[in-house]
Amino acid sequence: MFPLSRTVSSLFQARLIGLMTACALLGILVVTVLVSGLTVLSAHLIDIGIPWLGALTHWLMGIAFTVIGWFMLPSLIVLIAGMFQDVTLHRIERACYPDTLRPGSPRFWPDLMHDIRFTLWALFLNVLILPFYLIGIGALLSVLLNSYLLGREFFESAAGYHLGKAEARKLGRRHMPEVYLGGFVITVLTLTPLVNLFAPIIALAWMAHLYHSLAPGGIMSSTDGASP
């Protein structure tokens, strides 16, 4: 199940470009505030006493926080995507799967508390692996960890739109390889410059198509090229 072309085409079919732009601006704001806040905080907490050395240290810490924040960005995209979740899924369903469109209007941030809890948990797990960056395997562990977390979370969001979270979780467990592969693709997108700004919307679209390919009577075949 690799719905690449279907995902790309649906971004235009469902008229998601405006939402992707809003998502990108929000992502820039979140990362800027996070990195700037950590850099300013470290500048106040660390006082070396030698002006030039202190300035150099603060610059290096700013760069370090930026790199670390880059690899922790996957933990934040669920929170960003949550704001656009119902609208995005509603538009994809209306454009690509009108026969299964859920009745009712899309809601704003339907799973706010769940998204906050997930983000805090994901950030905690990513913080736990920070020491592994010192021995050169932190980036690899980050990708493996976030592929699992994001695959599961985005699939449950897309499938839960129809099934509810509990049934979506059961379906995801039965198709863990496909869900994990989707999570890996999403994680790679979050680490790709410029593309990562649009990753939350792309992730929702990807998993919506994956859900429809795995659900009973799914309309997608096992390869993207055979998709209608």
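My notes on what I looked up follow.

I was working from a predicted model, where local features need pLDDT of at least 70, side-chain atom pairs count only at pLDDT 80 or more, and totals for chains, interfaces and linings use all residues. Residues are numbered from 1 along each chain as its sequence is written, and side-chain values use heavy atoms, with hydrogens and water left out.

**Salt bridges.** I searched the whole structure for salt bridges (a side-chain nitrogen of Lys or Arg within 4 Å of a carboxyl oxygen of Asp or Glu) and got two. In one, E156 meets R169 at 3.3 Å, N to O. E156 sits in α5 (138–163) and R169 in α6 (165–174), so the pair ties together parts 13 residues apart in sequence. Helices here are DSSP runs of H or I, at least four residues, numbered from the N terminus.

I then checked burial (buried is under 20% relative accessible area, exposed over 50%, partly exposed in between; 1.4 Å probe, protein chains only). E156 is buried at 3%, while R169 is partly exposed at 29%.

E167 pairs with K170, with the closest N and O atoms 3.4 Å apart. Both lie in α6, three residues apart, about one turn of the helix. E167 is partly exposed at 39%, and K170 is partly exposed at 44%.

**Histidine.** I found H209 in helix α8 (199–214). H209 counts as buried because its relative accessibility is 0%. A polar atom of the H209 side chain lies 3.5 Å from the backbone oxygen of R6.

Methods:
Helices (H or I, at least four residues) and strands (E, at least two) are DSSP runs, numbered from the N terminus. A polar contact is a pair of N or O atoms within 3.5 Å; within protein, one must be able to donate a hydrogen and the other to accept it, and residues adjacent in sequence count only if both atoms are side-chain atoms.
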